[in-house]
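Please keep the sequence and the structure in view while reading.

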Amino acid sequence: MFEALKLLGVTVSAGFLGVLVPPPANATEFDQSNLRAAIIFNILRFTEFGSSQKNVVLCVEPHNPLAKALQNYHGKNLSGGKQLVVKAAQRITTQSGCSAAYIGELPRDRIIANPPRGVLLIGEGPNVIRGGGTIALVRFGRQIGFEINLQAGNEAGVRFSSHLLRLARNVKD
């Protein structure tokens, strides 16, 4: 149904995630942070957040290398008439007002102890799912894909579109 495009070794769906970042003249010119930020934005576009939330607030530590690239999506439209608000936050707690949080990469043996209730946690690498996160961006050779932890998503109060679940490299129940 969806034709996969290969853009510098990254698989995206033409009809679903779309190509937000134009292909560079060569791979060395391409900023990987912008690509990862585009993937995160599109994941959020196809995730349903609670109806009580006016906007989706994505929190990221201000010194995180991805913070600047994610800021480019501040104010962009998501599903359900919501807008994305990118917010700098040193700590992610239930009181921080975050709907989602980019947590970066987790060390191998780290577990997210007491994850904030109602916050979708997005990170990098396979340890994010094992550690209790919701979405993990993962490398497969030269490709970047993502994995989804449905239980963590349910605990965060979100619902993923069926298209997003089909595009995921792995879905953990």
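Asparagine 64 is located in the loop between β4 and α2 (67–71). The model is a predicted one. Asparagine 64 has a relative accessible area of 16%, and because the limit for buried is under 20%, asparagine 64 counts as buried. A polar atom of the asparagine 64 side chain lies 2.8 Å from the backbone nitrogen of leucine 66. With neighbours within four places in sequence left aside, asparagine 64 is in contact with Tyr102 and Gly104.

## Arginine 169

Another loop, the one between α5 (162–167) and β11 (170–172), holds arginine 169. Arginine 169 is partly exposed, at 40% relative accessibility. The side chains of arginine 169 and glutamine 143 are joined by a polar contact of 2.2 Å. Glutamate 147 is 22 residues from arginine 169 in sequence, and the C-alpha to C-alpha distance between the two is 5.5 Å.

| Residue | Relative accessible area | Class |
|---|---|---|
| Cysteine 59 | 0% | buried |
| Cysteine 98 | 7% | buried |
| Asparagine 64 | 16% | buried |
| Arginine 169 | 40% | partly exposed |

## The disulfide

How many disulfides does the count come to? The count comes to one. Cysteine 59 and cysteine 98 are joined by a disulfide, with an S to S distance of 1.9 Å. The two cysteines belong to distant parts of the chain, 39 residues apart: cysteine 59 is in strand β4 (residues 56–60), and cysteine 98 is in the loop between β5 (84–88) and β6 (100–105). The link is left-handed, with -95° about the S-S bond. A disulfide is a covalent bond between the sulfur atoms of two cysteines.

## The nonpolar cores

The largest nonpolar core has 34 residues. Ile40, Leu44, Leu70, Leu84, Leu120, Ile135 and Phe146 have the most contacts inside this core. At least two residues of the core come from each of α1 (32–45), β4, α2, β5, β6, β7 (120–124), β8 (135–140) and β9 (143–149). Which element gives the most to this core? It is α1, with eight residues.

Leaving aside neighbours within four places in sequence, the residues in contact with leucine 120 include Leu44, Phe49, Ala101, Ile135, Val158 and Phe160.

Another core, of seven residues, lies apart from the largest one. Among its residues are Val57, Leu121 and the two cysteines Cys59 and Cys98, which are joined by the disulfide.

Notes. Residues are numbered from 1 along each chain as its sequence is written. This is a predicted model: local features need pLDDT of at least 70, side-chain atom pairs count only at pLDDT 80 or more; totals for chains, interfaces and linings use all residues. Side-chain values use heavy atoms; hydrogens and water are left out. A disulfide is a pair of cysteine sulfur atoms within 2.5 Å. Helices (H or I, at least four residues) and strands (E, at least two) are DSSP runs, numbered from the N terminus. Buried means under 20% relative accessible area, exposed over 50%, partly exposed in between (1.4 Å probe, protein chains only). A polar contact is a pair of N or O atoms within 3.5 Å; within protein, one must be able to donate a hydrogen and the other to accept it, and residues adjacent in sequence count only if both atoms are side-chain atoms. Contact means heavy atoms within 4.5 Å. A nonpolar core is a set of buried Ala, Val, Leu, Ile, Met, Phe, Trp, Tyr and Cys residues joined through side-chain atoms within 4.5 Å.
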